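Welcome! Let's take a friendly walk through a protein and its ligand. Have a look at the picture first, then read on.

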Amino acid sequence: MQKIAFIGLGNMGNPMAINLLKNSHDIIGFDLSKEAIANFKKAGGKTAATALDACRDREVVITMLPSGKHVAELLTDEFIGNLKPGTLIIESSTIDPATAKAVATLAKTRNCFMIDAPVSGGTAGAQNATLTFIVGGTQDALQKAMPYLTCMGKNIFHAGPSGAGQMTKICNNLLLSILMIGTSEALNLGTANGLDPKVLSEIIQKSSGRNWALEVYNPYPGVMEGVPASREYTGGFAVDLMTKDLGLAMEASLAAKTAIPMGNIAFNFYKTWSEEGNGKLDFSSIIRFLDHKESN
Ligand code: NAD
């Protein structure tokens, strides 16, 4: 049993922390949201009054926060200086590689270890402990993290040095956003021409247009149970978070002078959808944005 602090108990952090609890680890959680704290307590978790109270004297600190800004504001030099020497920080939010590298350097100077370990697999993957972890950092730090990552995920990849986990995750989400938009477009076109969305989905799933969005995260309401589309697009991966990830992809494309024209279009769609008041909805709700544009 290891003493672990878990900071950020939202849509992903809550089920991830619960899976560590199920593996008999001693977890103290913290979140700024009272609702998130209450949900974690309801599941049997202990919480602390502040992030530092949760992290002091812990062997492992796991963070699952919205963006790089939140991570940089929490994991400051002073904060890390208050951790036990040798503490392993597993930073699992999706953030810019530069912040991941900077925090890893701070951790090293304070005799701690830090890996960037963003995840893929959505809230269902977090609940079922089937997440894919995409790790950046040293092999040694990854080996230390393995016993915890395997409580929360099924596939653990070493992408390269510090920041490589984040860069890989950004590429994945760039592609995911494009696949979700394409899938939505195909489903809208088919249903507008009289096709049954369930039959259409079943056929494409066994044809050359198959992809993850269609197979496990169908955006059309009523086609698939247990996905955000079946519950008014709540409780999944927020439009605002996808917009953030596409912003990271655009920053990376500018830095490397590599064009991502489809990514730019996806960014504009998600940003506009968010500005129309839909930022908290799941990203599969983009099907409504496309439909809405059609009807105008
Ligand atoms: P979320 O908004 O549901 O949860 C984030 C939590 O962090 C919130 O409860 C918020 O109150 C808390 N928080 C913010 N600042 C804090 C601070 N300083 N101290 C403590 N708590 C703080 O977001 P999520 O969907 O759980 O996503 C978390 C991260 O995982 C994001 O970076 C996202 O891009 C990434 N991600 C999400 C999914 C998904 O399907 N939701 C999938 C893969 C990766």
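How many Å lie between a backbone N or O atom of methionine 12 and an oxygen atom of the ligand? The distance is 2.9 Å. Keep in mind that this is a predicted model.

Glycine 236 uses a polar backbone atom instead, which lies 3.1 Å from a nitrogen atom of the ligand. On its own, the ligand has 830 Å² of accessible area, and the protein covers 87% of that.

## The shell around the ligand

Now let's look at the wider surroundings. The ligand is surrounded by 23 residues, and Asn11, Met12, Asp31, Pro66 and Lys244 are the closest. Sorted by class, the shell contains 10 nonpolar, 10 polar and 3 charged residues.

Where do these residues come from? Domain 1 (3–161) and domain 2 (167–295) each provide at least three residues of the shell.

## Two domains side by side

The domain assignment divides the protein chain into domain 1 (3–161) and domain 2 (167–295). Their centres, taken over C-alpha atoms, are 27 Å apart.

The two domains also touch: 14 residues of domain 1 are in contact with 13 residues of domain 2. How big is an interface like this? Size is often given as the accessible area lost when the parts come together. Between domain 1 and domain 2, the buried area is about 1,000 Å², with 64% of it coming from carbon and sulfur atoms.

Methods: Residues are numbered from 1 along each chain as its sequence is written. This is a predicted model: local features need pLDDT of at least 70, side-chain atom pairs count only at pLDDT 80 or more; totals for chains, interfaces and linings use all residues. Side-chain values use heavy atoms; hydrogens and water are left out. A residue is near a molecule or strand if one of its heavy atoms lies within 4 Å of it. A polar contact is a pair of N or O atoms within 3.5 Å; within protein, one must be able to donate a hydrogen and the other to accept it, and residues adjacent in sequence count only if both atoms are side-chain atoms. Accessible areas come from the Shrake-Rupley method with a 1.4 Å probe; for residues, only the protein chains shown count as cover. Ala, Val, Leu, Ile, Met, Phe, Trp, Tyr, Cys and Pro count as nonpolar, Asp, Glu, Lys and Arg as charged, and the others, Gly among them, as polar. Domain bounds come from an automatic or database domain assignment. Contact means heavy atoms within 4.5 Å. Buried area is the accessible area (1.4 Å probe) that two parts lose on being put together, summed over both.
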